[in-house]
Amino acid sequence: MQHRPNSLTVLKWVIYVSFLGAIVPVIWKWVDPSSFSVFSKDDIVEAYGGYARLALWQRFAGFSVNALPQACLAYALYCLWRLIQQLEAGDWFGQKNESYWRAIGQAMLWYVVTNWLGETLLILVLTATNGPGHRELTVSISNYDVLGLIPALMAFVIARIVSLARAQRDELNEIV
Amino acid sequence: MPITVKLDVMLAERKVKSKDLAQHIGITEANLSLLKSGKVKGVRFATLEAICDYLECQPGDILKYEPDETDQG
């Protein structure tokens with residue numbers, strides 16, 4: 001029987017839960033805001049008059065703006081899941097592993113970008129039907145946005161480490 | 001490469017089979033074949049020691065340095 005490190009199994013469950021945590025709240029929030037508000041409040045939408053005043057296209061646009069970073073996060077989690085499958089198969093330094101680490105880095109980078117732009121676009125969508133002089137375009141940056149870059153950079157560094165480790169392994173394989 | 005492997009010559013002189021040598025030094029016959037044909041990047045000291053021990057020879061009996069004419073300027 002193949003030995004499977006326990007920590008990888010735990011990590012897989014963390015990924016499953018995180019995947020649900022990334023996708024479900026966004027869908028729930030825009031499909032049924034009244035029941036969602038029992039558990040959590042969306043400060044931005046509430047600050048701009050709540051969901052009730054929004055037109056259908058605004059709801060779709062708002063959902064898309066909110067869903068984009070979550071989709072990036074979900075893709076990063078999917079790549080991490082595939083990566084764990086590779087590790088479980090005993091392949092630690094393969095070409096695929098390097099590709100998955102790079103994909104995770106890119107997905108996290110896009111997560112930071114779309115998350116940062118998300119607030120600007122959401123406020124633009126929420127105030128789009130307001131009269132002239134009452135529409136808003138805001139740009140803000142927070143510590144949270146910058147901190148999001150750290151996992152992205154870590155993933156790129158690990159991808160580089162995997163690449164160098166594979167090169168060393170290949171070289172060692174040619175020494176008898 | 002200026003370093004050539006003369007292991008096949010030593011094996012023939014000592015009348016030793018590749019299979020027996022591979023078994024003694026603990027590498028596969030495939031790797032020993034690569035070593036004999038010089039298609040490896042390097043040899044571990046442990047491998048060299050085991051080969052010398054089994055064939056009762058010196059590293060110089062197995063490896064030979066033949067400088068390329070182009071390298072001599």
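The model is predicted, so local features need pLDDT of at least 70 and side-chain atom pairs count only at pLDDT 80 or more, while totals for chains, interfaces and linings use all residues. Residues are numbered from 1 along each chain as its sequence is written, chains are lettered from A, and side-chain values use heavy atoms, without hydrogens or water.

**Where chain B meets chain A**

- In contact (heavy atoms within 4.5 Å) are 8 residues of chain B and 5 residues of chain A.
- The two chains bury about 660 Å² between them, 58% of it on carbon and sulfur atoms; buried area is the accessible area (1.4 Å probe) lost on being put together, summed over both parts.
- On the chain B side, B:Lys41, B:Gly42 and B:Arg44 lose the most area to chain A, together 67% of what that side buries.
- The count of salt bridges between the chains is 0, with a side-chain nitrogen of Lys or Arg within 4 Å of a carboxyl oxygen of Asp or Glu as the criterion.

**The largest pocket**

- How much space lies in the largest pocket? About 370 Å³.
- A pocket here is an open set of points on a 1 Å grid over the protein atoms alone, where a 1.4 Å probe fits, with protein on both sides within 12 Å along at least five of seven lines; lining residues have an atom within 4 Å of a point.
- The lining has 19 residues, and A:Ile44, A:Asn66, A:Asn115, A:Gly118 and A:Glu119 are the closest to the pocket's centre.

Technical notes:
Grid points are joined across faces, edges and corners, and a volume is the space filled by probe spheres set on the points.
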